[in-house]
Amino acid sequence: MNTQTTDDDKPTDDYAEAAERQPKKTGYSHMGTPPPEISELVRAEDRLSFAYFEHCTIGRDDNAITATDSTGVTHIPAATLSVLMLGPGTRVTHQAMTVIGENGATVIWVGERGIRMYAFGKPLTHSSVLLQRQAALVSNTRKRLNVARQMYQMRFPGEDVSGLTMQQLRGREGARIRRVYRECSARAGVEWDKRTYDHDDFMAGSEINKALSAAHTCLYGLAHAAIVALGCSPGLGFVHVGHERSFVYDIADLYKADLSIPVAFETAATHPEDIGSAIRHSIRDAVYDLSLLRRMVKDIRVLLGESSSDGVRGAEDHVGLWDERLGEVSAGKSYADDEWGYEEW
């Protein structure tokens with residue numbers, strides 16, 4: 001069983017500590033363990049980054065997921081995991097998916113060598129506040145452009161991009177990424193020509209292009225997990241458009257120059273036997289060192305205009321009714337005798 005988990009220096013201690021934080025629910029079998037409350041779950045920014053499994057069966061033991069093969073069983077507390085990556089030869093049980101969904105983790109099925117990704121997730125919040133803000137911002141041209149400028153500003157600290165058009169922003173970003181490639185190539189001593197890859201034939205690419213594809217797949221999975229955990233839509237992008245993971249690509253692009261690109265070049269320079277496995281090990285260490293999940297959660301909230309006080313309300317199990325004049329009115333009550341309602345149907 002090929003298993004890889006984050007925080008490589010103390011995996012056993014981390015899992016033991018995480019298990020202690022799991023809700024204590026006695027008197028139930030694993031089939032009947034009640035789902036945790038939102039308040040009991042580990043925050044997205046405090047979770048482990050990802051675990052990768054292949055050629056095994058993913059199951060459930062109480063509120064933990066298990067990976068079983070001929071060598072034994074590995075346990076991981078579901079409430080501490082951000083992303084579960086399932087590689088070739090992996091089977092997953094219904095009960096495993098149930099506990100994963102209840103605990104707000106994201107599952108991505110990756111094809112051979114990690115060139116395909118399919119995702120699932122459940123928010124760590126009952127609130128749709130951020131989703132509504134995201135939809136409002138992306139639906140207004142002026143506001144959408146402002147968010148896109150904010151994203152580019154995060155890439156260009158110290159530069160004023162407030163007056164640039166999208167075409168100018170794309171041109172500046174393209175030049176910056178080419179510079180990052182050249183600098184990483186020179187620093188790692190890895191020859192670089194251009195970014196080329198074939199989604200249908202991973203092995204056809206050069207080693208550095210295979211390394212970049214594998215690194216970006218890990219980054220996309222983490223971005224998807226952070227977005228879904230906050231209750232946002234992966235498909236409502238500000239820079240990217242037309243794809244079910246447009247916002248995932250938006251957020252992932254914020255960190256490529258700091259994470260996936262340099263990690264890919266540094267790992268390729270070591271000439272590993274299995275570039276995909278080596279990249280996953282390197283990425284998980286870099287994610288931990290950069291506190292990437294914490295940064296992602298903070299950046300998404302900033303981009304969507306959420307204040308710290310909003311975050312406190314975000315976990316509430318709140319349902320209201322929309323009103324065109326008042327914005328929102330209370331749910332769970334009858335409006336039959338309301339001034340603007342109907343007395344009788």
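Predicted model: local features only at pLDDT ≥ 70, side-chain atom pairs only at ≥ 80, totals over all residues.
Visitor: Thanks! What follows α2?

Guide: That would be G104, which has a positive phi, near 75°.

Visitor: And α2 itself, is it enclosed or open?

Guide: Helix α2 covers residues 94-102, and it is largely enclosed by the rest of the structure because seven of its nine residues are buried.

Visitor: Which residues of α2 are the buried ones?

Guide: They are Q95, A96, M97, V99, I100, G101 and E102.

Visitor: Zooming out, what share of the protein's residues count as buried?

Guide: The figure is 47% of the 345 residues. The protein exposes about 17800 Å², and 49% of that area comes from carbon and sulfur atoms.

Visitor: How much of the contact count comes from residues 24 or more positions apart?

Guide: Taking the contacts with a separation of 6 or more, 65% are between residues 24 or more positions apart.

Visitor: Let's talk helix packing. How do α6 and α8 cross?

Guide: Helix α6 runs over residues 207-229, and its axis comes within 8 Å of the α8 axis, crossing at roughly 140°. The pair is therefore oblique, since a helix pair has to be over 145 degrees to count as roughly antiparallel. The crossing of α6 and α8 is right-handed.

Visitor: Which residues meet there?

Guide: From α6 come I208, A211, L212, A215, H216 and L219, and they meet S260, I261, A264, F265 and A268 of α8. By class, this contact of α6 with α8 has nine nonpolar and two polar residues, with no charged ones.

Visitor: What about α8 with α9, how do their axes cross?

Guide: The axes of α8 (residues 260-268) and α9 (residues 275-289) come within 10 Å and cross at roughly 130°. That makes α8 oblique to α9. The crossing of α8 and α9 is right-handed.

Visitor: And which residues of α8 and α9 meet?

Guide: On the α8 side they are S260, V263, A264, T267 and A268, and on the α9 side I275, A278, I279, S282, I283 and A286. The residues of the contact of α8 with α9 divide into eight nonpolar and three polar, with no charged ones.

Visitor: Back to the backbone for a moment: where is S291, and what is its phi?

Guide: S291 is in the loop between α9 and α10, the latter being 292-303. Its phi is positive, about 50°, although S291 is not a glycine. Most residues other than glycine have a negative phi.

Visitor: How accessible is S291?

Guide: S291 counts as partly exposed, at 38% relative accessibility.

Visitor: Last one: what about H55, what phi does it have?

Guide: H55 is also not a glycine, and its phi is positive, about 50°. You'll find H55 in the loop between β2 (48-53) and β3 (57-61).

Definitions and conventions. Residues numbered from 1 in each chain as written. Heavy atoms only, no water. Axes fitted to C-alpha atoms, helices over the stretch in contact; angles between N-to-C directions. Helix = DSSP H or I, 4+ residues; strand = E, 2+ residues; numbered from the N terminus. Parallel < 35°, antiparallel > 145°, perpendicular 65-115°, else oblique. Left-handed = near helix turned anticlockwise from the far one by under 90°. Contact = heavy atoms within 4.5 Å. Nonpolar A, V, L, I, M, F, W, Y, C, P; charged D, E, K, R; others polar. Buried < 20%, exposed > 50% of the residue type's maximum accessible area, 1.4 Å probe, protein only. Areas by Shrake-Rupley, 256 points an atom, 1.4 Å probe, with all protein chains shown as cover.
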